[in-house]
Amino acid sequence: MKINKAISLCILFSTFFANANAYNLKGIVVDAATNKPLSGVYIYINQSEKLAITQTDGSFELKNVTAPEADIIATQKGFETLQYHVQYQKIPALLKFEMQPIENKCWLNWIGNNTEKGKEWFQLFQNFYMGHSANAAQCEMLNADVLHFNWDDSTQILNVVTDGPLLVSNEALGYLLIMNFESFKMNKNGDLLYDVSMGFKPLHSGNPSILYKWKNNRIQNFATSQVSFWYSLYADSLKQNGFAVQFIQRIFEDEPGYTAAIANKKNTTGIQSVKAGNAIVKKKFVDLLLSGKANSLTTYLKKINDFTTSLTAPQVILQVKYRRVDAWGLNEQTNGFNPFLGNQAESYSYIIFSNNPVYITKNGYAFPGNDFWVTGDWNWMGLSTAMPYDAGL
């Protein structure tokens with residue numbers, strides 16, 4: 001999600017806690033048009049459980065933040081979503097979030113899910129975005145009215161935008177998810193290209209059996225999650241935590257070397273959906289396993305400080321192999337998809353990097369999200385398996 005530089009956030013930086021580099025973030029949010037305080041604004045740190053809601057005077061506080069760097073999101077229906085990146089060493093003394101109202105005319109050309117065609121698109125969006133895991137059946141959108149859809153006949157792409165945060169209750173893992181869409185594009189095959197920020201608010205229950213279910217589901221889900229992978233990569237514990245990685249070079253059918261590479265039966269072939277202008281197309285590819293230093297993590301990793309490591313790997317793809325306990329069991333929620341044979345199936349995900357470095361913190365947070373994208377099992381498992389990096393398991 002891009003940063004709107006015209007917006008500021010009032011943050012008062014407190015002293016560090018004695019036991020760690022922990023800090024509180026206090027601030028105020030106002031309507032940019034009237035300068036009046038805004039209440040009910042969700043303030044959260046992207047991909048984390050740190051979440052607050054502004055009071056009647058527009059104030060908020062995020063307590064005991066330990067992330068060395070964080071993306072703070074401010075979002076409310078009817079206003080532009082804002083983001084601000086902070087580093088605990090460099091937080092300004094005073095900043096101010098000024099949220100711009102969204103004019104209703106922005107949505108006049110968009111068809112919502114209250115029309116017959118909109119219902120079809122909503123179902124398409126829900127089926128693929130929630131993911132193909134057993135958890136998906138226990139996820140529910142609480143305010144689908146914020147969604148707006150536009151089907152482009154020329155590109156065969158469904159564009160999805162929101163006029164406020166989308167709230168999803170995940171009763172499988174015990175989280176309320178607050179999501180903001182910078183962009184979301186998909187076609188009828190379920191090929192997705194999106195940039196979404198997400199906050200997690202733990203659900204509460206007085207029922208011991210439900211609490212037990214949430215705890216066990218989280219532990220099981222975390223073991224093979226992206227968060228666990230990034231944490232393991234930072235801690236140099238990939239093998240101990242069940243991950244195996246290798247770097248590959250992907251050559252598409254219209255690129256030099258494709259014919260020679262595909263002739264080698266040892267190379268892996270496949271089909272990937274890629275963005276071509278305003279369309280999403282499927283292209284054949286062949287994967288070449290790199291060797292020597294080109295296939296070593298140490299070639300691409302660089303320690304930045306005591307809390308952060310960078311990974312820069314342009315023109316290569318990191319293949320991650322692991323075993324999922326719940327790997328796409330054949331049931332109604334998976335629409336019949338069952339590419340794996342057993343419930344201890346070998347699974348693959350692929351992390352494709354841009355030319356810019358990706359930063360990884362010691363607690364498993366990888367940023368910025370728009371400098372890498374994920375395909376394979378993690379992508380297909382979708383929203384229903386999403387977890388915060390500070391789950392504290």
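In what order do the four strands of the open sheet run? The order is β4-β3-β6-β7, with antiparallel pairing; two strands count as paired if DSSP finds at least two bridges between them. The edge strands, β4 and β7, each pair on one side only. From one strand to the next, the twist averages 20°. Strands β6 and β7 pair over six bridges in the antiparallel sense, and Ala70 has Val86 of β7 as its bridge partner.

A quick word on what we're looking at: this is a predicted model, where local features need pLDDT of at least 70 and side-chain atom pairs count only at pLDDT 80 or more, while totals for chains, interfaces and linings use all residues. Residues are numbered from 1 along each chain as its sequence is written, and side-chain values use heavy atoms, leaving out hydrogens and water.

Here are some of the elements, which are DSSP runs (helices H or I, at least four residues; strands E, at least two) numbered from the N terminus:

| Element | Residues |
|---|---|
| β4 | 51-53 |
| β6 | 69-75 |
| β7 | 82-87 |
| α2 | 208-223 |

Now for helix α2. Its buried residues (under 20% relative accessible area, 1.4 Å probe, protein chains only) are Trp214, Arg218 and Asn221. Seen down the axis of α2, they fall within an arc of 75° (taken from the directions from the helix axis to the C-beta atoms), so they line one face of the helix. The face turned away from that buried side carries Pro208, Tyr212 and Lys215, which are exposed (over 50%).

Methods: The expected span of a helix is 1.5 Å times one less than its number of residues. Axes are lines fitted to C-alpha atoms, for helices over the stretch in contact, and angles run from 0 to 180 degrees between N-to-C directions.
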